Amino acid sequence: METMKLRSHIGKDGILLLQMPAEFKDTSVEVVVVVQPLPSEETKPKYNAWGKMTTKKSITEAIARMRQLRQQVALDKSSIREMIDEGRRF
């Protein structure tokens with residue numbers, strides 16, 4: 001007997017699909033199902049690496065800030081070529 005704990009989603013049609021490991025292929029098994037609803041993902045707060053709660057707004061702001069920084073830090077091709085040439089002198 002093997003016990004497995006899986007997380008899955010029951011679709012709007014009420015069907016629960018379980019994909020079993022290949023070792024059970026073409027084998028008769030007895031299955032016991034215990035259904036325990038999980039709290040909605042929307043009700044569970046998520047936190048970033050600094051311990052601040054993440055929201056759609058905070059993620060949008062972070063993406064905008066990353067794009068802004070990329071534009072500020074970006075080097076043009078001629079600057080990169082100059083750095084390579086400078087490095088070859090040493």
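**Aspartate 26 and beyond**

Tutor: Aspartate 26 counts as exposed, because its relative accessibility is 81% (exposed is over 50% relative accessible area, buried under 20%, partly exposed in between, with a 1.4 Å probe and protein chains only). This is a predicted model, where local features need pLDDT of at least 70 and side-chain atom pairs pLDDT 80 or more, while totals for chains, interfaces and linings use all residues. Residues are numbered from 1 along each chain as its sequence is written, and side-chain values use heavy atoms, without hydrogens and water.

Student: What's the phi of aspartate 26 like, positive or negative?

Tutor: Positive, about 55 degrees, although aspartate 26 is not a glycine. Most residues other than glycine have a negative phi.

Student: And where does aspartate 26 lie?

Tutor: In the segment before H1, helices being DSSP runs of H or I with at least four residues, numbered from the N terminus. Helix H1 covers 56-73, and valine 29 is also found in the segment before it.

Student: New topic: how many salt bridges does the structure hold?

Tutor: It holds 1, counting a side-chain nitrogen of Lys or Arg within 4 Å of a carboxyl oxygen of Asp or Glu. Glutamate 61 pairs with lysine 57, with the closest N and O atoms 4.0 Å apart.

Student: Where do glutamate 61 and lysine 57 lie?

Tutor: Both are in helix H1, 4 residues apart, about one turn of the helix.

Student: Is lysine 57 buried or exposed?

Tutor: Lysine 57 counts as exposed at 60% relative accessibility, whereas glutamate 61 is partly exposed at 46%.

How values were computed
Helix = DSSP H or I, 4+ residues; strand = E, 2+ residues; numbered from the N terminus.
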